[in-house]
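Trainee: Please take a close look at one part of this model, the charged side chains. After that, go on to the rest of the fold.

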Amino acid sequence: MYRDATARGSRGGSSRGRGRHGDGPRDRARTAASARPARTSGTAEEARWPLTRRGWSFLAVAVVALLAAQVLGRRDLLSLGVFLALLPAAGLLYLRWSRPVLTARRWFEPEQAEVGRPVRVHLAVDGTVNGVQALAQEDVDPALGTALRFRVPEPGQVPAGDGPRTRRVRGRYRYELHPTRRGVYTAGPLRLRRQDPFGMTARQVLTGEADVVVVRPRLVDLRGGQDEGWRDVRGLSPAVRTTAQSDIDVSTRDYHPGDPIRRVHWPASARHGKLMVRQELSTTTPPAVLLIDDRLGAHLSRTGAAFAPSASSGELVTSDGFELLVSLGLSVASELSRVGADVVVRAADGRPLLEASPTAVDGAQELFARTAGIDDLAEGLAGLSLRAGGRDDGAGARRSFPRRGTRRGGPGRTATDASAVFDPAVLRGLPHDVPDGDLFVLAGELTDAEAARLAALAGSVAAAHVVLVVPRPDAATRTLDRLRDAGWAAVAVDRHETVRSTWQALTHEHASRPAQRHPLTTGPVDTPLPGPAPTSSRPGGHSASRGSTR
């Protein structure tokens, strides 16, 4: 998380996350959060009419008394009316005299917020307060938890020396945030509610600045045990380490009839007393490709609506199904990176997925490698919204939807061209060894035309996997069968599934498919690479709604 700006009178603002020219992801997140009018202003008065109910009642009675005194000629009513009118006026003068001089600074532990993990906030309040106590409250987005409330100054704090009613404030407070949804939120500013001793007037003052809280999607460890992971699911042996300059390591095995004579390793044959042939093992893991469907039309709920930008949605246009896909996509990318594969992340139409995310480190980045790359991916996914776009009905027309995917305060987002979704062009411009790797597609509902284009992509890679989040998984049987016949490991789940149960359904689907030789990492390369998977229905009669196992 990032300190948005220096509170008035504080030592200085943090520059964490800023780029060389101050245009880092946190700066863009602060720009998006600054669109909230009442939460990011500095010390400022909020109430135009600061009278309380008691103050308005006294003022109304004073007016009635003055009118009665005028009509009846009663001097006692005149005195009463003047007295009642002076009490609210005295309260206004008191508030003006007793304006506090405070600074509020906060820092977070841990610095990176993630869905489902509590974040401890440390708040430091320093300054002076005149007069009676003020009720202080931290402005916190509802999706982050309950606001902190306390009184300033606290009992026992020493006078400041500027007067008998002036108290020095030096408070240290702690509270926790509990993010329930990714997005860009704010913590602060500190809201003070001051009231005169008679309760006639009250004002609310915003002290300090708001801190931007970037909540990343939940990252789930997909390993079932200490060492079990995607490499074990794929049936691969551990990665080969070599000090050679080549990406190919050489070992030997027994000679089998049909092996080329040129591959006979004569020194090894002499040592073992039998023919031995060279077996070349790849020492690198081909990159994997992750396609995430971010079209609004593919993730609409059954009522035709998604979550609009609001405080509770982190200023995102999103849906429950899309939240599942985002968290699953980050978890899959982390697991692939752990086994040594670089991950290329794109949208369903081939664009860099994070190009419109205000929290992205680099909107044009699409290759994420190692821990640092996954960290950048998580930061970018925190601010990813659904993009305005329809679904291809296969008849040359496109269902169009309003531009609700346009993010307020963010870069312009053009609608997705439905005819380009899952087109073969989405795999262009990739590293040359991508055909030897895995392709993961995370999507919403598909039309027949989109499913046909997606099915054709299976022959472009060694292994293809797709997860569909749909309202009714049992109604997606036709689409799943079409994808499986083309060589995909395909499952359909609903939006209530968890990341882990969805992953288990996908790995179960992969294990139930016919065994295929996969060239990742350590497979022998002395035989030609396999072509597209044979077109056959899924064996074993596995249910089309396999993803519903929880």
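Mentor: D76 is partly exposed, with a relative accessible area of 43%; on this scale buried means under 20%, exposed over 50% and partly exposed in between, using a 1.4 Å probe and protein chains only. The model is predicted, so local features need pLDDT of at least 70 and side-chain atom pairs count only at pLDDT 80 or more, whereas totals for chains, interfaces and linings use all residues. Residues are numbered from 1 along each chain as its sequence is written, and side-chain values use heavy atoms, with hydrogens and water left out.

D76 forms a salt bridge with R74, and their closest N and O atoms are 2.8 Å apart. A salt bridge here is a side-chain nitrogen of Lys or Arg within 4 Å of a carboxyl oxygen of Asp or Glu. By this rule there are 28 salt bridges. R74 is also partly exposed, at 42% relative accessibility.

Another group of charged residues, D294, D349, R351, E355 and R387, is linked in a network of salt bridges. E355 is partly exposed, at 38%.

Next, the helices and strands, which are DSSP runs numbered from the N terminus (helices: H or I, at least four residues; strands: E, at least two). Helix α3 covers residues 75–97 and supplies three residues, the largest share, of a nonpolar surface patch. The patch consists of L66, L78, V82 and L86, with about 320 Å² of accessible area together. Its members have over 30% relative accessible area and no salt bridge; like charges are joined within 9 Å and nonpolar side chains (Val, Leu, Ile, Met, Phe, Trp, Tyr) within 5 Å. Areas come from the Shrake-Rupley method with a 1.4 Å probe, and for residues only the protein chains shown count as cover. L78 lies in α3 and is partly exposed at 41%.

Helix α6 (residues 320–338) is mostly covered, with 16 of its 19 residues buried. Its 19 residues should span 27 Å at 1.5 Å a residue, and the end C-alpha atoms are 27 Å apart, which agrees; the expected span is 1.5 Å times one less than the number of residues. Just after α6, G340 takes a positive phi of about 105°.

As for the strands, two of them pair if DSSP finds at least two bridges between them. An open antiparallel sheet has the order β2-β4-β7. Strands β2 (101–109) and β7 (166–177) are at the edges, each with a single partner strand, so one side of each has no neighbour in the sheet. β4 (residues 119–130) and β7 pair over twelve bridges, including the one between V119 and L177.

Strand β5 (residues 134–140) has five of its seven residues buried, so it is largely enclosed by the rest of the structure. Four bridges join β5 to the antiparallel strand β6 (residues 149–152), with A134 partnered by V152. Five bridges join β5 to β8 (residues 183–195), also antiparallel, where V140 is partnered by A187.
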